Each structure stands twice: as structure tokens, then as C-alpha cells.
Amino acid sequence: MIEFHLDPRSGVATYLQIVQQVKDALRLGTIDVGDQLPTVREVVADLAINPNTVAKAYRDLEREGLVLARQGRGTFVASTLAPASLRHYDALRIELEHWLSAADDAGLDEESIRALISATLRETRARRVA
Amino acid sequence: MTSSLDAWSLGKRFRREWGLRDCTLTIPEGAIVGLTGPNAAGKSTLLALATGLLAPSEGSISVLGCDPLREPAVLAEVGFVAQNAPLYKSFTVGDTIEYARRTNVRWDAEIVADLLTRMDSQTKVGALSAGERARLALALVLGKRPQLLLLDEPFAGLDPLAGREFLQLLMDGVAETAATVVIASHVIAHIERVCDHIVLLTGGGVRLEGNVDELLDSHRILMGPRRPLGAIRGVREIVRERHSGRQLTLLVLADGPIVDSSWTVDQVGLEELLMAYMAPERLPSPQPSPQPEERLPLRWHG
């Protein structure tokens with residue numbers, strides 16, 4: 001079951017943070033079709049936020065067709081955002097871990113690694129479009 | 001939209017001074033309202049008028065569509081926790097719950113038990129911590145399943161952890177009962193997390209009232225080089241201006257996009273917005289402080 005967390009300093013409205021966290025979980029496949037979201041009561045008792053805020057987030061998700069509220073039973077995931085390849089990303093993740101340890105061996109620090117990844121990602125994308 | 005509480009030019013005079021004056025407001029049904037303002041701004045007076053403990057000196061107030069003085073039956077639908085959650089210290093927790101059950105028309109034992117799972121019913125109320133006492137008072141008032149819940153400074157005397165636990169319990173109860181809630185508190189950080197409607201009182205009058213999202217949407221921070229201030233396109237009212245060196249920072253009520261690109265425009269947070277409205281209106285800009293070399297040298301008296 002997904003657990004929400006809040007960043008009050010992010011400046012992002014609370015209900016949008018909840019919407020975003022559900023979408024992220026759907027993208028990563030940590031929740032899938034048929035899974036239940038925590039009830040409004042569970043979320044407010046956990047985070048100490050306004051129940052209307054949770055209801056608003058769930059309504060937004062429902063409008064987008066991502067979840068379905070069933071009267072008296074709760075809110076359930078109705079469709080997923082995870083692309084097929086990401087849903088079975090274990091193999092890719094293992095390759096990435098190998099690559100990261102090679103980068104460590106080569107003496108790259110975390111910032112250099114991030115820079116290298118984002119630069120490579122940008123270039124590959126740009127080349128694909130061209 | 002139906003409202004849970006309405007006031008029209010409501011005022012209350014105590015001997016010489018007005019505790020509340022010309023207060024007109026509407027609290028929508030289902031809202032969680034932060035009633036805030038400096039000490040002695042009229043928060044407790046407003047709550048006492050809403051519960052029929054005080055009679056208005058002028059104007060009128062309506063609670064769930066009824067006059068709380070002439071139609072006191074409506075008070076069965078109103079839950080009120082006064083400051084410091086007064087309870088009988090010599091009663092045990094169990095006695096207190098039993099007393100509340102017998103003195104209320106409607107009683108939901110399930111919700112009370114649900115909210116007090118970790119409390120021993122044999123404990124004397126006087127031996128409870130401030131946080132436990134606050135939780136007990138809240139559970140009792142939710143036991144009557146009120147349509148409107150009024151809380152006067154519920155966080156006073158609670159440490160941060162107890163404050164958060166209280167808020168969790170309150171929100172759980174609200175989710176269960178769908179009550180409209182008014183939380184009177186001068187600590188904005190506590191109510192910022194939950195309230196979707198604000199009533200700001202200053203000096204016995206309503207200084208600002210409205211839906212939180214709409215208030216945040218309609219206000220902006222403008223930063224730019226210091227200049228003489230004329231009309232700014234997109235700005236209806238300057239709420240606060242601050243100077244520091246050559247920099248000018250304005251908190252404004254906007255009525256359109258700020259097109260002048262010499263201003264850096266930023267969103268405003270609720271706490272900052274309320275502080276700006278709470279400050280005395282339009283302070284003259286502060287005089288430049290004396291240069292360091294003009295200060296008298298400190299002397300050491302040995």
C-alpha cells in the first residue's frame with residue numbers, strides 16, 4: 001500500500017503532492033491495477049491534513065481515469081502509467097548497478113555521475129529526434 | 001453553498017471597550033476554518049457569541065441557520081471546547097465519558113472509543129498529560145457528532161508532538177463526522193496544515209476572510225529596485241511594503257498579471273500573508289539606521 005509524505009516547504013499544494021505521489025507510484029509500478037489506495041481517514045490520521053484535501057486529490061485522479069472510487073469500499077487503481085519496459089525494469093536496474101560500480105572504480109564522484117547521465121540522456125534524445 | 005455560521009455587523013461591547021465590532025462573515029459548510037489574529041483580537045468573543053454564552057451588543061449571528069440565544073436547541077449540533085479544555089480533575093477518564101454520554105442528546109460511543117484507544121479509563125483526569133487531556137476533551141465533543149465544532153486555542157500548552165497528535169485525531173474525527181470546524185489559534189503554523197478557510201481578526205474587526213487557495217492565488221510578492229511607488233498594472237492594493245537598501249519588496253493583492261518585467265514576481269505562503277495583514281496598516285517606511293561609525297564606542301567598565 002502506498003504511503004504519502006508531505007513537504008510543506010515545497011510550495012506545491014498538498015493535494016497536488018498526493019496526486020503526484022500516486023502517479024509516481026503508478027509509473028514505477030509500485031502500485032498496480034486493482035490495488036487499493038489508503039482511505040481518506042487513514043491518510044488524514046497519518047498526515048494530520050484536511051480530509052477535503054485528500055478527497056480533492058482522489059477526485060482529480062478519478063477524473064483522469066487512474067482510480068475508481070467504490071461506494072463504501074474505498075478507492076482502487078483503475079489503470080496504470082507504467083510503460084511495459086519500466087514494469088519489468090529489474091534487468092535494466094541490474095545493468096545500471098553494474099555500470100555504477102564501474103563508474104565508482106573509475107573514480108567518478110556522485111555529481112560527475114549525475115552530470116554524465118543527464119548529458120548522455122540529453123544527447124541520445126536529441127540524436128533520436130534528428 | 002450552504003453556510004454553517006453567519007455574522008452580520010456583529011458586535012460585542014464590554015463596559016467601555018468593544019471586544020468585537022462590525023464583524024460580517026460566512027463560514028461555508030464542511031470548511032476547516034482557521035480563526036486567527038493577535039491576542040485580544042476578538043477570537044474568543046466570537047466563539048462565545050456563536051455558542052450563546054454572550055449576547056450581541058449589535059448585529060446578529062446565525063449558527064446552522066438558528067439564533068444560538070433564542071433557539072438554544074441548535075447547540076445540540078454544536079461542539080465547543082473552551083480554552084485549556086476544562087474537565088473535572090477528580091473524575092476518572094471512564095467517569096468523564098459516562099457523564100458526557102448521559103448529558104448529551106446523541107452519543108456515538110464507537111467514535112469516542114476509537115479516538116481514545118490508548119487511554120486507560122481508570123486514570124484520574126487530573127493525572128493526564130496536557131496532550132491526553134486535550135485528546136479526551138476532543139473525543140467527548142466528537143461523541144455528540146456535532147455539525148459544527150468550535151475549538152478555542154486547542155494547542156495551548158501542547159508540545160509539538162502532542163500538537164501533531166491532536167491534529168491527527170481532529171482530522172480523523174472530521175473525516176468521520178464531516179463536521180465544519182473552527183479552530184481559534186494565534187499560532188499560524190498549527191492551522192496552516194489543515195485549514196481551507198481563514199478568518200483573520202485584528203482589533204475586534206475582520207481584517208481578512210476567505211478560502212485559502214483563493215487568497216494565495218490573489219496575492220503576490222513583488223521584488224525590484226527601490227523606486228517611488230505609483231500605480232502598478234495588475235495590482236489592486238499594496239498590503240505591505242518593505243525596503244532594504246536599494247531593494248523594494250511588496251506584498252500585493254493582484255487583480256491581473258504583473259506585466260512590468262522590472263518586478264520579480266513570487267508566490268506567497270499563508271503564514272507570510274497573514275503576518276502582512278496582521279501588522280498595523282501602512283507603517284511609515286523605517287528611517288535609515290545610523291551608520292556604524294556614528295555609534296558611540298562601547299566602554300568597558302572594569
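Student: Leaving aside neighbours within four places in sequence, which residues is Val182(B) in contact with?
Tutor: First, a caution: this is a predicted model. A contact here needs C-beta atoms within 7 Å. With sequence neighbours within four places set aside, the partners of Val182(B) are Ile27(B), Val33(B), Leu35(B), Leu150(B) and Leu151(B).

Student: Why is helix α1 of chain B largely enclosed by the rest of the structure?
Tutor: Check burial residue by residue. A residue counts as buried with 20 or more other C-beta atoms within 10 Å of its own. Lys43(B) passes, and so does Ala50(B). Helix α1 (residues 43–50) of chain B is largely enclosed because its buried residues number 8 of 8.

Student: Which residue just after α1(B) takes a positive phi?
Tutor: Look just past the helix end. The phi there is about 75°, and the residue is Gly52(B).

Student: Which helix gives the most to the side of chain B that touches chain A?
Tutor: Start with the interface: 14 residues of chain B are in contact with 10 residues of chain A. By class, the chain B side has 6 nonpolar, 3 polar and 5 charged residues. The top contribution is 8 residues, from helix α5 (residues 160–177) of chain B.

Student: What distance separates the centres of domain 1 and domain 2 of chain B?
Tutor: The assignment puts domain 1 at 3–203 and domain 2 at 214–278 in chain B. Take the centres over C-alpha atoms: the separation is 35 Å.

Student: Which elements give two or more residues to the side of domain 1 of chain B that touches domain 2 of chain B?
Tutor: The contact takes 9 residues from domain 1 of chain B and 6 residues from domain 2 of chain B. The domain 1 side divides into 5 nonpolar, 3 polar and 1 charged. The elements giving two or more residues to that side are α6 (188–192) and β8 (197–202) of chain B.

Technical notes
Residues are numbered from 1 along each chain as its sequence is written. Chains are lettered from A and ligands numbered from 1 in the order in which they are written. This is a predicted model: local features need pLDDT of at least 70, side-chain atom pairs count only at pLDDT 80 or more; totals for chains, interfaces and linings use all residues. Two residues are in contact if their C-beta atoms, placed from the backbone, lie within 7 Å. Helices (H or I, at least four residues) and strands (E, at least two) are DSSP runs, numbered from the N terminus. Ala, Val, Leu, Ile, Met, Phe, Trp, Tyr, Cys and Pro count as nonpolar, Asp, Glu, Lys and Arg as charged, and the others, Gly among them, as polar. A residue is buried if 20 or more other C-beta atoms lie within 10 Å of its own, exposed if 12 or fewer, and partly exposed in between; C-beta atoms are placed from the backbone. Domain bounds come from an automatic or database domain assignment.
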